[in-house]
Amino acid sequence: MSASQPAQYPPPKVLHQQQQHQSWEHHQQERHEQLERAERQALVVKALGPCLPAHALLWHAEDTTPYECDGLTAYRQRPLVVALPETEEQVQAVLRACHALGAPVVARGAGTGLSGGAMPYADGVTLSLAKFNQIIRIDPIGRTAVVQCGVRNLAISEAAAPFNLYYAPDPSSQIACTIGGNVAENSGGVHCLKYGLTLHNVLRVRGFTADGELVEFGSEALDCPGLDLLSLVVGSEGMLAVTTEVTVKLVPKPQLARCIMASFDDVRKAGDAVAAVIAAGIIPAGLEMMDKPMTAAVEDFVHAGYDLEAAAILLCESDGTPEEVEEEIERMSEVLRTAGATAISVSTSEEERLRFWSGRKNAFPASGRISPDYMCLDSTIPRKRLADILLAIQQMEQKYGLRCCNVFHAGDGNLHPLVLFDANDPDQLHRCELFGADILETSVAMGGTVSGEHGVGIEKLNSMCVQFTDAENEQMFGVKRAFDHVGLLNPGKAIPTLQRCAEYGKQVFRAGRVPFPELPRY
């Protein structure tokens, strides 16, 4: 612009007036949205009033705020209404009322999920199943337990203990997480290598579809009539049906369990050792790996006796008869020494075994002590790429300027990197999101997947676009429509839309704000 052409900026007075007008318009828009939300809320409360006792229906802000997120605390959104049914009849009535109204429903267990699967829908109902906490029966002869969905994972084993039985899947949150949530996410745990995930330990799931129809998947018998849809509903993240009751398998407690703690001075040696154990035909009860930053965090927290100089440590457990355990421990120790272990300790008592595991079991709370927030990822890779992904993550730490502690279900290649950040800093949250996406997509490039046992929720939606094609995502939506053709159960989770995939990499979301899909207004 030449000197003879003055800049066309509005005078300060005019600029001030424009800013005031924009502020007024923004205020009016917010006011309109608040009134519209209040109207919808009143409509939902009126519809659900006949379905529930007065104390089981929450809608005031101070009552609904505790439900604004699950274990993925970086994103928060208060639900319109929270329903806390106490019987299956009430669950059915709530679902029917919401379906007639076109109101979205998000089922919630203990809220321990780490992918945002129980994140409320802004204009919907959160259906809390916390009061479904009864163990209906234990069958020690058939080795099964029938429990309501709100029963804690660990409580099943506690109830089965007098019969010398227990429930095998043991997520780190087992003291708090519920069996209904385990079904939704197909949870695993440190012993899933030998005993399997939730899917392998569940016989039957009972619940209701979006329109309140009673459904059962699987059977307590060896087979069930019709299509076997049990493996479809386990891991469906509450998008197909609301679980109210589960029949699980119980297994006998092993006579003996011992744990090896092996140190390595190089992460590649540790990764190669994992592959070598499996290649030797050994299936340990548990095979876990922690890197140096993680061992430092947990050792300061629980004092498990970890080697703080090691680049990585492995925990390898054997269980069974004393003879079986002795032979397997000897074989694993030899494999680990050959792979380059710098130190090996074998538990000599149950107390010492539990101490070895205490650090691994407390990896998440230990990380919470050294950082305001963390985002726990959950991808999988081929076992032979363990060292490759660890080294890649170390480079990402430099790229994004954030720390990362790593703990792996090494035996089956399930990664749990914990990216440390401060959610109160929008820039750190944004860098954390990019860091997490990079880990997930690097895992896919290495032949893995974006999720192992934590589900997709809202956390991994964008990365799903990298793993699956548009056609594959549409097939998943087809299954969703077969159960819930309106799309009212847990909308906007797990399966990315074509539009979202098209826009991936171009959208930037503010901290605490999550884009929700448009649903029919009610």
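Strand β17 (residues 404–409) and β13 pair in the antiparallel sense, with two bridges between them. Within this pairing, M289 stands opposite F408 of β17. The structure described here is a predicted model. Strand β13 also pairs with strand β14 (residues 312–320), again running antiparallel, and here six bridges join the two strands. In this second pairing, G286 has E317 of β14 as its bridge partner.

Six of the six residues of the strand, which spans residues 286–291, are buried, so β13 is largely enclosed by the rest of the structure. Burial extends to both faces of β13. On one side lie G286, E288 and M290, and on the other L287, M289 and D291, all of them buried. M289, which stands opposite F408, therefore belongs to a strand whose six residues are all buried.

Helix packing was considered for α9 (residues 292–302) and α12 (residues 363–370), whose axes come within 9 Å and cross at roughly 90 degrees. Because angles of 65 to 115 degrees count as roughly perpendicular, α9 and α12 are assigned to that class. On the α9 side, the contact is made by M294, A297, V298, D300 and F301. Helix α12 contributes A363, P365, A366, S367, R369 and I370 to the contact. By residue class, the contact of α9 with α12 comprises eight nonpolar residues, one polar residue and two charged residues.

Side chains of opposite charge can pair when their charged atoms come close. A search of the whole structure finds 28 salt bridges. One of these joins E36 to R40, with the closest N and O atoms 3.3 Å apart. Both residues belong to helix α1 (residues 12–48), where a spacing of four residues separates E36 and R40 by about one helical turn.

R431 and D427 lie four residues apart in helix α14 (residues 426–445), about one turn of the helix. Both partners are partly exposed, R431 with a relative accessibility of 22% and D427 with a relative accessible area of 44%. Salt bridges that share partners also join residues into a network, whose members are E88, R137, R204, R206, E216, E220 and E245.

The salt bridge between the side chains of E86 and K131, at 3.1 Å from N to O, links distant parts of the chain, its partners being 45 residues apart. E86 is located in the loop between β2 (81–83) and α3 (88–101), and K131 in the loop between β4 (125–128) and β5 (135–139). E86 is partly exposed at 32% relative accessibility, and K131 is likewise partly exposed, with a relative accessible area of 32%.

Methods. Residues are numbered from 1 along each chain as its sequence is written. This is a predicted model: local features need pLDDT of at least 70, side-chain atom pairs count only at pLDDT 80 or more; totals for chains, interfaces and linings use all residues. Side-chain values use heavy atoms; hydrogens and water are left out. A salt bridge is a side-chain nitrogen of Lys or Arg within 4 Å of a carboxyl oxygen of Asp or Glu. Buried means under 20% relative accessible area, exposed over 50%, partly exposed in between (1.4 Å probe, protein chains only). Axes are lines fitted to C-alpha atoms, for helices over the stretch in contact, and angles run from 0 to 180 degrees between N-to-C directions. Angles under 35 degrees count as roughly parallel, over 145 as roughly antiparallel, 65 to 115 as roughly perpendicular and the rest as oblique. Contact means heavy atoms within 4.5 Å. Ala, Val, Leu, Ile, Met, Phe, Trp, Tyr, Cys and Pro count as nonpolar, Asp, Glu, Lys and Arg as charged, and the others, Gly among them, as polar. Two strands pair if DSSP finds at least two bridges between them.
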